[in-house]
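User: I would like to go through this structure with you, a few elements at a time. Could you put it on the screen?

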Amino acid sequence: MTALDAVSIIRAKRDGGELSDAQIDWVVDAFTRGAVADEQMAALAMAVVWRGMSRRETARWTAAMIASGRRMDFTDLPRPTVDKHSTGGVGDKITLPLAPLVAACGAAVPQLSGRGLGHTGGTLDKLESLAGWRADVPVDRMREILADPAIGAVVCAAGADLAPADKRLYALRDVTGTVESIPLIASSIMSKKIAEGTAALVLDVKVGAGAFMKDAAAARELAAAMVDLGADAGVRTVALLTAMDTPLGRTAGNALEVAESVEVLAGGGPADVVELTLALAREMVALAGVDADPARVLADGRAMDHWRAMVRAQGGDPDAPLPRAEHTEIVRASADGVVTRLDAMGVGLAAWRLGAGRARQGDPVQAGAGVEMHAKPGDPVRAGEPLLTLHTDTPGAFAPALAALEDAVEIGAVAPPPAPLILDRIG
Ligand code: URA
């Protein structure tokens, strides 16, 4: 066998060639060990951005990233495992009601989650606004929680040994303009989800102004690539394409979103959050092969019981008051009419600038910061009525947050046609 080296692999991809399994295994492993330099991997990532990767290459790349760390195994649990991954949206708190709901239906939900970076919040940041709640759960304790029929769901931080090649590569792509590649995004997401040990996976691929994928064709392509990778790795995978032009629900921000999720678990909450939670729950329950009706399990309080047990299992107090920001400012309607647009990116950026998100990995976030939306597209408003309430502990953040919201809200004379939330299903 000829010796493998980074430069010939970069050249091969630069010139539009297909990499062999041996080349992929070698380069991912050598990069993880530090034997391929960051600048070489960045050059290869840029070549992939331009030249793409075939389905075989993408599957092998994903397998190599999984093999760079530990693959968890929950096949010995007494209940089937199923998880959900969202590509990230504004106000996307769906995991919070969804994980306990699906656990209450009889499946086990092992979710290794990330922290927020940029304008979309992170699930761990949201849950950390619950007093005492801890994101680090040892694997043995994860297994106990998942096996416990009264809990059945765990949402925790991924350990350093879960797809470490992806951790290094994602950080490098972030600073070299090489995030935007469907094979690289698909393999990055799926390597972590497959390594997490779930037997089945439902993907919520967001499309629109507040999402990573701005148009439906690209989102569909990403969804199909991830569904294929799941199939290749023996993980039953389905994707829903869902709209992210307007924020989900009426809150964006950590504790604000926890409060809204608890409303959903109590049988209330905004209609769009309930609709998406139930749609994803039905897909998860079907993939897990569990016979249960999520709408009934939500309505009769069993999902709430599992939420409370799940929060307690990770040291949290479900009854403790949620933190509130020290300062608020109200944005009022400029005219009578109907809200015709509420831009997800503007709201996400505002929440981030108010302190709900972080600019750099490791920065702290404010639990109480964020944006409350009193009117959404289609809602009538009168001039002077509150449209948004901004929350922060740092009043200097109001001006930049207001700047992000400058063109984010439109009021017109005629209500916009109702926009569907679930756009397509793949897999
Ligand atoms: N999220 C990930 O985990 N990886 C990507 O490449 C993009 C989004």
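This is a predicted model: local features need pLDDT of at least 70, side-chain atom pairs count only at pLDDT 80 or more; totals for chains, interfaces and linings use all residues.

User: Which domain does UniProt place at residues 338-412?

Analyst: An unreviewed UniProt entry gives "Pyrimidine nucleoside phosphorylase C-terminal" as the domain for that stretch.

User: What is the strand order in the open sheet of three strands?

Analyst: The order is β10-β8-β12, and the pairing is antiparallel.

User: Which strands are at the edges?

Analyst: Those are β10, at residues 380-381, and β12, at residues 409-412, each of which pairs on one side only.

User: How many bridges join β8 to β10?

Analyst: Two bridges connect β10 with β8, the strand formed by residues 337-342.

User: Changing topic: where is Ala163 found?

Analyst: Ala163 lies in the loop that runs between β3 (153-157) and α8 (164-174). Its phi is near 45 degrees, which is a positive value in a residue other than glycine.

User: Is Ala163 buried or exposed?

Analyst: Ala163 counts as buried, because its relative accessibility is 1% and the cut-off for buried is under 20%.

User: Staying with α8, at what angle do its axis and that of α3 cross?

Analyst: The axis of α3 (residues 38-51) crosses that of α8 at roughly 75 degrees, and the two come within 10 Å. The two helices are therefore roughly perpendicular.

User: Which residues make that contact?

Analyst: From α3 there are Asp38, Met41, Ala42 and Ala45, and from α8 there are Arg168, Leu169, Leu172 and Arg173. Five of the contact residues are nonpolar and three are charged, with no polar ones.

User: What about α5 and α14, at what angle do they pack?

Analyst: Helix α5 (residues 95-105) packs against helix α14 (residues 302-313) at about 110 degrees, and their axes are 8 Å apart. That angle makes α5 and α14 roughly perpendicular to each other, because the range for this class is 65 to 115 degrees.

User: Which residues are involved there?

Analyst: Helix α5 contributes Leu96, Ala99, Pro100, Leu101, Ala103 and Ala104, while α14 contributes Arg302, Ala303, His306, Trp307 and Met310.

User: How do the residues of that contact of α5 with α14 divide?

Analyst: Nine are nonpolar, one is polar and one is charged.

Notes:
Residues are numbered from 1 along each chain as its sequence is written. Side-chain values use heavy atoms; hydrogens and water are left out. Two strands pair if DSSP finds at least two bridges between them. Helices (H or I, at least four residues) and strands (E, at least two) are DSSP runs, numbered from the N terminus. UniProt positions are given in the numbering used here, feature names are shortened, and annotations may be inferred rather than shown by experiment. Buried means under 20% relative accessible area, exposed over 50%, partly exposed in between (1.4 Å probe, protein chains only). Axes are lines fitted to C-alpha atoms, for helices over the stretch in contact, and angles run from 0 to 180 degrees between N-to-C directions. Angles under 35 degrees count as roughly parallel, over 145 as roughly antiparallel, 65 to 115 as roughly perpendicular and the rest as oblique. Contact means heavy atoms within 4.5 Å. Ala, Val, Leu, Ile, Met, Phe, Trp, Tyr, Cys and Pro count as nonpolar, Asp, Glu, Lys and Arg as charged, and the others, Gly among them, as polar.
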